Amino acid sequence: MSKRPWSVKIISWFLMIAGVMTLISVFISTNNPEVMEIMKKSMIPVHVQIIFSYVGSVITFICGLQIHRGKIAGRHLYIGWTIVSLIISLIVTPDKKMIVPGLIFSATIIFFLFSAKATEFFRVE
């Protein structure tokens with residue numbers, strides 16, 4: 001296996017940590033009545049939001065783990081999940097400007113995951 005580029009190390013660890021932290025955050029938030037009231041105001045039922053959040057955190061962790069291991073499927077899963085999340089956000093977010101920072105962040109991650117060094121790292125699978 002070729003040497004893991006720093007960008008891939010940072011991204012993979014970030015995704016794994018973010019997945020775990022989101023999982024904990026969702027668990028804690030579902031026990032907060034104020035958060036539940038806010039969630040009820042969405043056009044998506046609360047239970048669907050909660051399931052989506054749990055699934056999203058697990059997928060984020062898996063993406064990070066697979067990327068860290070040099071599995072090209074991790075890159076593809078990250079892109080696929082980003083697209084699904086973006087589509088859902090475009091449907092349910094009233095102020096579309098709120099999506100822009102996350103979109104820029106995701107695009108930056110994708111840029112680094114497809115850099116020449118990263119591509120070489122994933123190619124050696």
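These legends accompany several close-up views of a predicted model.

Local features here need pLDDT of at least 70 and side-chain atom pairs count only at pLDDT 80 or more, while totals for chains, interfaces and linings use all residues. Residues are numbered from 1 along each chain as its sequence is written, and side-chain values use heavy atoms, with hydrogens and water left out.

**View 1. Ser106 sits in helix α5 (residues 100-113).** Helices are DSSP runs of H or I with at least four residues, numbered from the N terminus. Beyond its neighbours within four places in sequence, Ser106 touches Tyr78 and Thr82, where contact means heavy atoms within 4.5 Å.

**View 2. Helix α4 (residues 72-92) meets α5.** Their axes, lines fitted to C-alpha atoms over the stretch in contact, come within 11 Å and cross at roughly 165 degrees. With angles between N-to-C directions running from 0 to 180 degrees and those over 145 counting as roughly antiparallel, α4 and α5 are therefore roughly antiparallel to each other. On the α4 side, the contact is made by Arg75, Tyr78, Ile79, Thr82 and Leu86; α5 brings Leu103, Ser106, Ile109, Ile110 and Leu113.

**View 3. Residues 77-93 are one of the spans that UniProt places under "transmembrane region" in an unreviewed entry.** Such annotations may be inferred rather than shown by experiment. In the model, the end C-alpha atoms of residues 77-93 lie 23 Å apart, and the span is 94% helix and 0% strand.

Terms used: Helices (H or I, at least four residues) and strands (E, at least two) are DSSP runs, numbered from the N terminus. Angles under 35 degrees count as roughly parallel, over 145 as roughly antiparallel, 65 to 115 as roughly perpendicular and the rest as oblique.
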